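Keep the 3D view open and try each task before you read its solution.

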Amino acid sequence: MQNNGLIKFFTVLFGLVSLYQLSFTFVTSKVESDANTYAQASVNTDDADYFTLVDIAERNYLDSIAEQKVFGVFNYATAKDRELNKGLDLKGGINVILQVSVKDILKGLAENSRNPLFNNSLARADVLQKSSDDTYVDSFFLAFEELKGDENLSNPDIFGNRTLSDDINFNMTDDEVKPVIRRKIDASIVSAFEVLRKRIDKFGVTQPNIQRLGTSGRILVELPGARDVERVKNLLQSTAQLEFWETASNQSFGTFLGQANELLKSVVEAEKEEEEVSEIDDLLSDVAAAQDSITTVVNPIYDYVKGAGYAGGPVLIQVDVKDQPTVESYLNRADVRTLLPADLRYTKLLWGIPDEKTNLVDLYVIKANRSNEPPLSGSVIVDAAQTYDQLGAAAVSMQMNGKGARIWEEMTGKAYTDKSNIAIVLDDVVYSAPGVSKGAISGGRSEISGQFSLNEAIDLANVLRAGKLPAAAEIIQSEIVGPSLGQEAIESGVNSFVIALLLVLAWMIFYYGRAGLYADIALSLNIILIFGILAGLGAVLTLPGIAGIVLTIGMSVDANVLIFERIREELAKGKGQKQAVSDGFRNALSSILDANITTGLTAFILFVFGTGPIKGFATTLLIGIATSLSTAIFVTRLLVDGRLANSKALAFTTGATKNLFRNLDIKFLKKRGFAYVVSGMLIAAGVASLFTQGLNQGVDFVGGRSYTVRFEQAVNPTDAQSQLVSLLGSAEAKTFGEDNQLKITTNYKVDVEGTEVDDEIHQALFNGLSTFLPERLSYDDFVNGAEDKQVGIMSSIKVGPTIADDIKKNSLLAVFGSLIVVFLYILLRFRKWQYSLGAVAAVFHDVLLVLGVFSVTYTFMPFSMEINQAFIAAVLTVIGYSLNDTVVVFDRIREFTRLHTSWEGHKTINSALNSTLSRTINTSLTTLVVLLAIFIFGGEAIRGFMFALIVGVLVGTYSSLFIATPVMFDTTSKKKKA
């Protein structure tokens, strides 16, 4: 092989880069382990809020060392940003899809019009949405066209109103109005997105993910590590609280701050004396300096103060972001609040937005009242936009309705007279506190200018628009995984990975000797590259993702097996080793490329249509295909050539495997009639079961809620189910994994959104299962629990009926899309439709058999066999694997056809099949070993997924020999009788 030096260079380079990318993960793991050890040792285990306090202590520890060098290379903050991200199933947390009601936004834009045509169009759009993939606004426009008569969208009692007067006039056509409405809806969804993004920053989770899903008004939120599930759900679904408050002068609060500082001195000192000396002090030796400000407090408040606002302004003090919770807890104490003078007792102290450059946050003084009602709420905002002032600086303009304009005129007039400011507050955070420079503002239109950056002005405009959102975002799909379940998933995933890897490494050495060792080295590098690329891309590693990596091991082995088998064939022809190696690699390349491209196509389709963990599976599979190709073709070749260059012999067999699968003469085509009958009977039985017994469809496809509940002792699922049915009307309980764990599914109020229904079902679960739960377990611990939770709700999934329909549609598109793409690829590659037909027939055969097995066996199998998104991923993987096998066989048939033009068709095909049998069995065996390792040791969550793959590999291997090839043969017009 030419350019050995270049290949060596890039191999070493990519390996080192991958290790460098993974080093960030190793650093964060070590630091976070130290932080957790410190936090647990520093908090009294008898404290009622033990786990909350541990979280706070852990965050404080990490904040204190965030900028310190680790191993003298980079700091923890840098490492955390670049570590390999873990998904919810490995870390715990919450994943939700929220739906912003476009229907309610349309109502708001029409000022809640009572126009019959408008409301009938909304009702008709609701009906159309049940059977359409269009967005809601498209369905509304379609319904309006059907019902409109002589009326237009620009009518005064529809969208030609005061709210939209700047954008829509009475003379505009519907085609002119539609883009305006779309733009307004999009702006509302952007505002909701920004509000959610800012709320997520408060959760204290690392690496949160929030993204819009197309233009449908759906927003995906992933919060790995979030533990207070109910708080998260409430915050995500609540309507934005935009308020306008008058500010107070900071000069009135200097005395209060001094008195509070003096009062807290004795309190802090008393708390300090009660603390026990921790045995972990030696662990903190490297951060002692950073902790000095905490451990040697002299002035509990003043020691945290880093600055103050100008005299008479609204800012009382400035503190470091990491100290904000401490200062806030001090100032919110009841004994501190009593120090406020009588005329200031209703004062609110609210924090602003942290400065990204200085990391300081302002504390604002807000004039409040007994009822805590703001003078003006965000509901009066008609529109807001980022603009530019007269000097060309970024500014924000906003327009209020008539009611808001009157109050705004009063507020701005008073602020101008008093030389005070008006605070713009969203969800109790001050986003801006502008002053009034030119007197009272009338008409409701204002411009807010200041030292804004462009992004800050855009954010403020989004915040102002959020105040007029007519609807809260409802959770239509959610997945919640407890942290202890996530830790168990990591352990089971790692165990299955290591066991599968060791088995494959041992098998390759057993079968191919030293050549197998070279393949193992290439395989090990392949794994390093996969993890390095995942870390470098910022991809998320999930449990199905680990399964994808382990499956990649089998695919990497397949490439090496193809190469080694071709080399053995060349050696058997009497060629020298160097020539045999050269010809073997060259002849195997076509099969390797075809097989991996077809698998890659199905993986890509899965990536496009999949979500969450399934997308993670597709990501690792795609990366694995690319890296396994590179390592098998180049790295293995490099090692083999290096051995031969030193004039050393290299055997591609061992004593035990030297003569395996040699000189075979199996008449495969003669057995095709029997194979057709057997396959036909199995498919018929499966299809009959599908029509009579059906499939065990999960909540992904039918909607509903599913909970994994763990107990201290074994629980009879029938007894638990009967208790729950009496409370929920519809419930199913099955053992999930161990005897002390149940999977409970219900479609109770599946059409109703909101946290009230979630709370109602949680309470019903707690009450219905109370006879099986420990008496000491509270409702809160049952639902939320802690990091080491072992009893209660361990995870939950909620899927609304609308999104369940979407998942069904996407699944069907993925399956049929992959079949069409593969048919076209094989047609293009082999130039004969008979090859495509044989491949697709084999794939249909395999999919039907997998479905049939699941239909027949799900009632008695001791593990979950739900049909969900993971199952669809398994079906697509089976399609890819089946095609992999089939393409390798077809490639050899094509080669034999060219080489042996005088042979009869059946002889050519039988010979080709016999020549590939060693590779077929070897690859299938190693892949099955890998899958069985994951099936046994990988945990209950993916056992059904693995079972589908195991069945798929078995039937895929069979179909490539006895279905795909015979169908191709029987449809070829020039065939001769077999």
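**Exercise 1. A loop residue**

Where does glutamate 111 lie? Work out its surroundings, its exposure and its phi.

*Solution.* One thing to keep in mind throughout: this is a predicted model.
- Step 1: follow the chain to the loop between helix H5 (102–109) and helix H6 (116–129); that's where glutamate 111 sits.
- Step 2: check the surface. Glutamate 111 has 40% relative accessibility, so it counts as partly exposed.
- Step 3: look at the backbone. The phi of glutamate 111 is near 55°, a positive value in a residue other than glycine.

**Exercise 2. Helix H14 and what follows it**

*Solution.* 
- Step 1: get the length. H14 covers residues 402–418, which is 17 residues, and it reaches 25 Å from first C-alpha to last, close to the expected 24 Å.
- Step 2: find the buried side. The buried residues of H14 are Gly404, Ala405, Trp408, Met411, Thr412, Gly413 and Ala415.
- Step 3: see what they pack against. Their partners are several strands, including S7 (242–246), S14 (394–400) and S17 (445–449).
- Step 4: step off the end. Lysine 419 belongs to the loop between H14 and S15.
- Step 5: judge its exposure. At 63% relative accessibility, which is over the 50% cut-off, lysine 419 counts as exposed.
- Step 6: look for a ring. Lysine 419 lies over the face of tyrosine 416, at 5.0 Å from the ring centre.

**Exercise 3. Two ring pairs**

Decide whether each of these pairs is stacked, tilted or edge-to-face: tyrosine 38 with tyrosine 61, and phenylalanine 766 with tyrosine 779.

*Solution.* A pair of aromatic rings is described by the distance of the centres and the angle of the planes.
- Step 1: start with the count. The structure holds 24 aromatic pairs.
- Step 2: take the tyrosines. The ring centres of tyrosine 38 and tyrosine 61 are 5.3 Å apart and the planes are at 35°, so this pair is tilted.
- Step 3: Tyrosine 38 is in helix H1 (residues 4–42) and tyrosine 61 is in helix H2 (residues 50–65), 23 residues apart. Tyrosine 38 is buried at 15% relative accessible area, and tyrosine 61 is buried at 2%.
- Step 4: take the other pair. Phenylalanine 766 and tyrosine 779 have ring centres 5.7 Å apart and planes at 80°, so they are edge-to-face.
- Step 5: Phenylalanine 766 belongs to helix H24 (residues 755–768) and tyrosine 779 to helix H25 (residues 779–783), 13 residues apart. Phenylalanine 766 is buried at 15%, whereas tyrosine 779 is partly exposed at 27%.
- Step 6: go beyond pairs. Trp507, Phe510, Tyr511, Tyr512, Phe564 and Phe652 are linked by ring pairs into a cluster.

**Exercise 4. Into the core**

How many residues does the largest nonpolar core have, and which have the most contacts inside it?

*Solution.* 
- Step 1: the largest nonpolar core has 126 residues.
- Step 2: those with the most contacts inside it are Phe497, Ile553, Phe564, Ile826, Phe871 and Ile879.
- Step 3: zoom in on one. Leaving out residues up to four places away in sequence, isoleucine 879 touches Thr602, Val815, Ser818, Leu819, Val843 and Val847.
- Step 4: look for another core. There's a second, separate one of 42 residues, and Phe118, Val137, Val180 and Ile185 are among them.

**Exercise 5. A bent helix**

At which residue does helix H30 bend, and is H30 enclosed or open?

*Solution.* 
- Step 1: H30 (residues 943–970) has 28 residues and spans 38 Å, close to the 40 Å expected.
- Step 2: the bend is about 50°, at serine 959.
- Step 3: 25 of the 28 residues of H30 are buried, so the helix is largely enclosed by the rest of the structure.

Terms used. Residues are numbered from 1 along each chain as its sequence is written. This is a predicted model: local features need pLDDT of at least 70, side-chain atom pairs count only at pLDDT 80 or more; totals for chains, interfaces and linings use all residues. Side-chain values use heavy atoms; hydrogens and water are left out. A nonpolar core is a set of buried Ala, Val, Leu, Ile, Met, Phe, Trp, Tyr and Cys residues joined through side-chain atoms within 4.5 Å. Buried means under 20% relative accessible area, exposed over 50%, partly exposed in between (1.4 Å probe, protein chains only). Contact means heavy atoms within 4.5 Å. Rings of Phe, Tyr and Trp (its six-membered ring) pair if their centres lie within 6.5 Å; planes under 30 degrees apart count as stacked, over 60 as edge-to-face and the rest as tilted. Helices (H or I, at least four residues) and strands (E, at least two) are DSSP runs, numbered from the N terminus. A charge sits over a ring if NZ of Lys or CZ of Arg is within 6 Å of the ring centre and within 35 degrees of the ring normal. The expected span of a helix is 1.5 Å times one less than its number of residues. The bend at a residue is the angle between axes fitted to the seven residues ending there and the seven starting there.
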